[in-house]
Amino acid sequence: AKKGHKVTLISSKFPKYKNKYVRNKVNYLKGNVLLRMEKIGLPIPLFFLDKKMKEAIKEADIVHLHDSLYPSSYLIAKYAKKFNKKIILTQHIGFVGYYNWLYRLISKTVYSTMAKKIFNWSEKILILNSNVKKNLEDLGINSSKILLLSNGVDTDLFKPTTQKNKIRLRKKYGLSLDKPIILFVGRLVAVKAFERLFEARDKDYLILFVGGGRIPEDMQNED
């Protein structure tokens, strides 16, 4: 957008916000979303394309999708394919080894069917680590279309702080001044495997969870 290209971002309206707005020269189109699967631990928002979204896809030269494991990604990819649009996919994760066997079965089925179609339709697939590449190659995806592009970090915003500031923050939030702290940042959903980290708790360090979602009862009752 900074270079003068027209950029439109299509996503679910969650948390609730305006249906359409412009920010930093980017056009945002937001769709109503159903989050029913969150209740069973699967972070899969469900929303459908409205008229404005379809028009934006038809006008686009390139359609860039983020992750293939969402029904909305499939709908957008299928619509883009209908009009011969170039599709670029950023695949954030590979096959998820959920604790729950039913979740693993659902994930594996989606990955090898709906997601595989998006992989095949995509001109290039951007991945964040080699594990995702292996999952894609195991599905028979041509490695020539897979590119490793690690997440970037804004070092002006995220950088080591001073010891004095660390102590100030620990006091502010009532945290131990001497114990090491392990920080988890993300949604409390099964795909994040936050419960595995909880199982590693120990009196010699603190584990701090930051994120929204349902807190399991065994975690709530922990002293």
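The crossing of H2 and H4 is left-handed (the near helix is turned anticlockwise from the far one by less than a right angle; helices, H or I, of at least four residues and strands, E, of at least two are DSSP runs numbered from the N terminus). The model is predicted: local features need pLDDT of at least 70 and side-chain atom pairs count only at pLDDT 80 or more, while totals for chains, interfaces and linings use all residues. Residues are numbered from 1 along each chain as its sequence is written, and side-chain values use heavy atoms, with hydrogens and water left out.

The axes of H2 (residues 71-82) and H4 (residues 114-121) come within 10 Å and cross at roughly 40 degrees (axes are lines fitted to C-alpha atoms, for helices over the stretch in contact, and angles run from 0 to 180 degrees between N-to-C directions). H2 and H4 are therefore oblique to each other (angles under 35 degrees count as roughly parallel, over 145 as roughly antiparallel, 65 to 115 as roughly perpendicular and the rest as oblique). Pro71, Ser73, Tyr74, Ala77, Lys78 and Lys81 of H2 make the contact with Met114, Lys117, Ile118 and Trp121 of H4 (heavy atoms within 4.5 Å).

Four strands, in the order E4-E5-E6-E7, form an open sheet with parallel pairing (two strands pair if DSSP finds at least two bridges between them). Strand E4 (62-66) and strand E7 (146-148) are at the edges, each with a single partner strand, so one side of each has no neighbour in the sheet. Three bridges join E6 (residues 124-127) to E7, and Ile125 has Ile146 in E7 as its bridge partner. H2 packs on the sheet, where H2 touches E4 and E5 (86-91), and the direction of H2 makes about 165 degrees with that of E4.
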